[in-house]
Amino acid sequence: MPPAALPGGAARSVPDQVPPPLLHSRIISWFQQEARDLPWRGDCSPWGVLVSEIMLQQTPVVRVQPVWEQWLERWPTPEAFAAAAPADVLRAWGRLGYPRRALRLHAAAAQIVAHHGGRVPTTYAELLELPGVGSYTAAAVAAFAYGRRTTVVDTNIRRVHARLVVGQALPAPALTAAEMTLAAQLLPQDTEESVLWNAGTMELGAVVCTARSPRCNQCPVFAQCAWIAAGQPEPSYIPKGQPWAGTDRQVRGAVMAVLRAASLPVHADLFWDPAAASNHGELAAELDKLHELNTHAPQLERALAGLVTDGLAQHTDAGYQLPR
Ligand code: SF4
């Protein structure tokens with residue numbers, strides 16, 4: 001196997017004593033025994049897999065699963081979902097966060113109905129054409145919904161590759177070409193094995209080789225791990241956490257919660273005046289949460305304007321509402 005590139009661009013040799021087939025067999029066997037029983041695995045429609053991949057882009061499994069289950073019960077096909085009203089889509093998305101994903105999934109469903117006969121496309125190239133589907137999601141859906149051999153690289157897989165093969169505590173802050181090359185080199189040639197490798201490596205990163213506290217004593221490739229062999233060196237940078245409190249995202253989320261709870265347009269005064277809000281029963285709880293943030297005026301204005309610009313809200317003389 002050729003040298004693996006380090007995040008900084010230098011190269012080191014992948015230890016000769018760790019041939020990829022050994023990594024494949026150990027991680028795949030572990031996955032077949034230990035994989036979490038998630039509803040989008042196994043007997044799941046390609047539509048269910050696509051919905052799960054979109055929801056999981058920024059949100060952990062524990063929050064996605066109940067929403068995904070209700071979603072698939074309500075909209076079991078792209079056709080059913082494409083016919084839904086945008087306001088219903090955003091209400092069903094609830095508190096998963098980054099709600100533009102819901103509107104892009106809605107647009108993707110419309111495209112699937114218009115150009116693919118209502119069937120989620122099967123190839124990486126066709127999937128990549130769908131709104132909201134980037135290279136990771138296209139590769140994951142092609143692999144997990146259709147059993148295709150694709151190079152799937154998400155945050156968890158990147159971390160496992162960085163530790164197991166490169167010997168670094170963390171991958172580079174942003175995905176590099178060298179990482180994609182390494183992932184392609186590590187991918188088993190056999191198609192069925194490649195799907196299990198992708199799923200198994202992702203699962204290993206999610207539940208064992210975690211970002212903050214890897215459980216190396218439970219790892220199926222502990223003896224082969226380059227990071228362990230190197231003496232567990234510290235990361236070369238401190239990953240930036242994603243702040244939440246006080247951010248525009250927090251205010252946008254609170255405004256969206258108000259709009260989801262409203263059956264009629266919400267007059268602008270209610271966003272600004274806590275006293276005016278107290279008489280609005282169905283909204284009072286969500287308005288209280290918004291006002292508890294003590295948002296300063298420019299930030300609230302920015303949140304409202306941004307939601308309108310992003311198509312997540314409409315503004316009329318009557319007030320703000322979810323898109324009709
Ligand atoms: Fe990750 Fe530890 Fe396993 Fe290495 S031994 S791959 S660091 S969990």
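**Cores, rings and ligand**

Tutor: The model is a predicted one. Its largest nonpolar core has 58 residues, and those with the most contacts inside it are Trp47, Leu50, Met55, Trp71, Val255, Leu259 and Phe271.

Student: Which domains does this core draw on?

Tutor: At least three of its residues come from each of domain 1 (1-236) and domain 2 (248-321).

Student: Is there a second core, or what else is there? Which residues does it include?

Tutor: A separate core of 26 residues is present, with Ile27, Trp30, Leu204 and Cys225 among its members.

Student: Back to Phe271. What does Phe271 touch?

Tutor: Leaving aside residues up to four places away in sequence, Phe271 touches Val255, Val258, Leu259, Val266, Leu290, His291, Leu300, Leu304 and Tyr320.

Student: And the two domains, how far apart are their C-alpha centres?

Tutor: The C-alpha centres of domain 1 and domain 2 lie 35 Å apart. Their contact takes 8 residues from domain 1 and 12 residues from domain 2.

Student: New topic: how many aromatic pairs does the structure hold?

Tutor: There are 7 aromatic pairs. One of them joins Trp71 and Trp75 in an edge-to-face arrangement, 4.9 Å centre to centre with 75° between the planes.

Student: Why does that count as edge-to-face?

Tutor: The planes of Trp71 and Trp75 are 75° apart, and an angle over 60 degrees counts as edge-to-face, so the pair falls in that class.

Student: Are Trp71 and Trp75 buried or exposed?

Tutor: Trp71 and Trp75 are both buried. They also belong to one aromatic cluster together with Trp47, Phe81 and Trp93.

Student: Which residues are around the ligand?

Tutor: Around the ligand are Arg163, Val208, Cys209, Cys216, Cys219, Phe222, Cys225, Trp227 and Ile228. By class, this shell has 8 nonpolar, no polar and 1 charged residues.

Student: Where does the charged end of Arg163 sit?

Tutor: The charged end of Arg163 sits over the ring of Trp227, 5.4 Å from the ring centre.

Notes: Residues numbered from 1 in each chain as written. Predicted model: local features only at pLDDT ≥ 70, side-chain atom pairs only at ≥ 80, totals over all residues. Heavy atoms only, no water. Phe/Tyr/Trp six-rings, centres within 6.5 Å; stacked < 30°, edge-to-face > 60°. Buried < 20%, exposed > 50% of the residue type's maximum accessible area, 1.4 Å probe, protein only. Lys NZ or Arg CZ within 6 Å of the ring centre and 35° of its normal. Core = buried A, V, L, I, M, F, W, Y, C linked by side-chain atoms within 4.5 Å. Domains from an automatic or database assignment. Contact = heavy atoms within 4.5 Å. Near = heavy atom within 4 Å. Nonpolar A, V, L, I, M, F, W, Y, C, P; charged D, E, K, R; others polar.
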